[in-house]
Amino acid sequence: MTNVGPGIRPTLARIDLRAVTHNLKQVRAAIGPRPGIVAVVKADAYGHGAVAVARILEGAGVWGFGVATVEEGVQLRRAGIRLPVLVMGAAFGDDHRTVIAHDLLPMVGDPGDIDRFAAAARAEGCSRFTLHVKIDTGMTRLGVSEALFEEFVRRCAQYSWLRVDGLATHFYAAEEQDAQPTLDQLAAFLRCVECARKMGAVPQWVHAANSAASLRFAASRFDLVRVGILLYGAQPSRHVPAIDLKPALSWETRINAIREVPAGTKVSYGGSFVTSRVSCIATLPVGYADGYARALSNRAQVLVRGQRAAVIGQICMDLSMIDVTEIDGVEVGDRVTLLGGEGDDVITPVELGRWSETIPYEVLARISWRVPREYPELEPGEVALAGCVQ
Ligand SMILES: Cc1ncc(COP(=O)(O)O)c(C=O)c1O
């Protein structure tokens with residue numbers, strides 16, 4: 001759950017929802033008018049707040065939303081989201097009835113789930129229950145294989161009240177330099193779509209593309225595209241054609257202590273950083289429990305008064321230290337930007353990811369619940385609603 005609204009500690013993430021709608025428009029311009037856009041809001045909209053993002057996008061022309069778990073889907077329904085909600089993660093447990101009761105749209109690739117959804121639909125008194133079939137074309141994660149696809153569709157057809165309304169796959173390398181794996185997956189997917197058509201199953205919604213494929217492989221766009229990272233303003237990789245994106249999340253804190261120390265002073269746990277000169281060290285109230293990864297220790301930079309300052313020593317659970325020796329006039333209470341822009345400079349999720357050897361997705365998704373999210377353009381009442389997940 002997102003921690004919404006002002007905290008006492010000055011560490012917060014500010015979400016610019018206008019940037020999200022701007023990014024949606026850029027995606028739309030790049031992919032053309034035809035495919036519907038499934039806005040992927042799993043993992044609390046990659047840390048941006050699923051309810052707030054879904055509320056803004058519901059009126060902005062998306063086809064529906066993609067979540068990983070049933071719980072995430074229920075959260076959207078409880079917040080009043082009415083558009084289709086695709087549950088992409090296929091962890092239905094024994095609770096297929098919850099999916100049906102909340103009118104969620106599951107992506108199913110396990111034959112056992114067909115039977116369980118059929119039984120649950122019966123129990124819920126549904127005269128018709130709709131699902132999408134997920135096909136594993138190379139990711140080796142979820143979905144029915146091409147070899148078993150025909151039998152799978154036949155199994156669905158046994159139940160007259162189950163309707164296969166969509167066929168989907170997921171690419172494992174659309175953002176990598178080598179396009180061949182994606183082209184191979186596309187070919188396998190097209191064979192399955194053709195097979196379904198021959199069997200008389202005419203799914204209304206065929207979908208495959210994530211952000212990278214949406215921009216890079218026009219042939220992968222089909223009826224829907226499932227777009228996540230682009231909406232939040234990050235390029236999936238340098239191999240994907242760039243579009244004009246605005247990062248939607250900035251993460252900031254304020255200096256809560258400053259000390260001047262002589263050369264040879266050890267900083268933080270383990271003393272991995274030793275000052276080489278008389279230094280001015282500032283302490284920040286942010287640590288790895290907030291999602292500021294320990295791997296950033298002695299590697300990351302932050303922005304203070306428009307200048308870069310180095311993170312020094314090990315990042316602690318709740319605190320981090322930076323070297324502000326070169327920054328004139330620095331004071332307790334000064335704003336520090338961990339992610340986002342200040343002056344002419346910007347620290348992007350890609351850059352933060354590079355310092356901690358991860359991808360922008362993880363940088364955004366790991367900003368923890370402890371960091372309050374602020375939505376400057378929402379009214380206070382709307383902010384409270386954005387966090388209303390129960
Ligand atoms: C099945 C599926 N579709 C689409 C996406 C969206 O990916 P992206 O954020 O790269 O657009 C994801 C995210 O990982 C996913 O798991």
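This is a predicted model: local features need pLDDT of at least 70, side-chain atom pairs count only at pLDDT 80 or more; totals for chains, interfaces and linings use all residues.
Let me start with a definition: Ala, Val, Leu, Ile, Met, Phe, Trp, Tyr, Cys and Pro count as nonpolar, Asp, Glu, Lys and Arg as charged, and the others, Gly among them, as polar.

Now the ligand. Which residues surround the ligand? They are V40, G66, M88, H170, N210, S211, A212, R226, V227, G228, I229 and P236. Sort that shell by class. You get six nonpolar residues, five polar and one charged. Two elements each supply at least two residues of the shell: helix 9, residues 211–216, and strand 10, residues 224–227.

Next, the whole protein. The secondary structure comes to 12 helices and 21 strands. Along the principal axes, the C-alpha atoms fill a box of roughly 75 × 45 × 40 Å. Of the 390 residues, 46% count as buried. What about contacts along the sequence? Take those between residues at least 6 apart. Of these, 66% join residues at least 24 apart.

On to the domains. Domain 1 runs over 17–232, and domain 2 over 249–374. How many residues of domain 1 are in contact with domain 2? Seven, and they meet seven residues of domain 2. On the domain 1 side, four of the touching residues are nonpolar, three are polar and none is charged. The centres of the two domains, taken over C-alpha atoms, are 38 Å apart.

Now the inside. The largest nonpolar core has 115 residues. A39, F65 and V87 have the most contacts inside this core. Helix 3, residues 50–58, gives the largest share, seven residues.

Start with F65. Leave aside its neighbours within four places in sequence. F65 is then in contact with V38, A39, V41, A54, L76, I81, L83, V85 and L86. A54 also sits in helix 3, among its buried residues.

So, is helix 3 mostly covered or mostly open? Mostly covered: eight of its nine residues are buried. The buried ones are A50, V51, A52, V53, A54, R55, I56 and L57.

Notes
Residues are numbered from 1 along each chain as its sequence is written. A nonpolar core is a set of buried Ala, Val, Leu, Ile, Met, Phe, Trp, Tyr and Cys residues joined through C-beta atoms within 7 Å. A residue is buried if 20 or more other C-beta atoms lie within 10 Å of its own, exposed if 12 or fewer, and partly exposed in between; C-beta atoms are placed from the backbone. Helices (H or I, at least four residues) and strands (E, at least two) are DSSP runs, numbered from the N terminus. Two residues are in contact if their C-beta atoms, placed from the backbone, lie within 7 Å. A residue is near a molecule or strand if its C-beta atom, placed from the backbone, lies within 6 Å of it. Domain bounds come from an automatic or database domain assignment.
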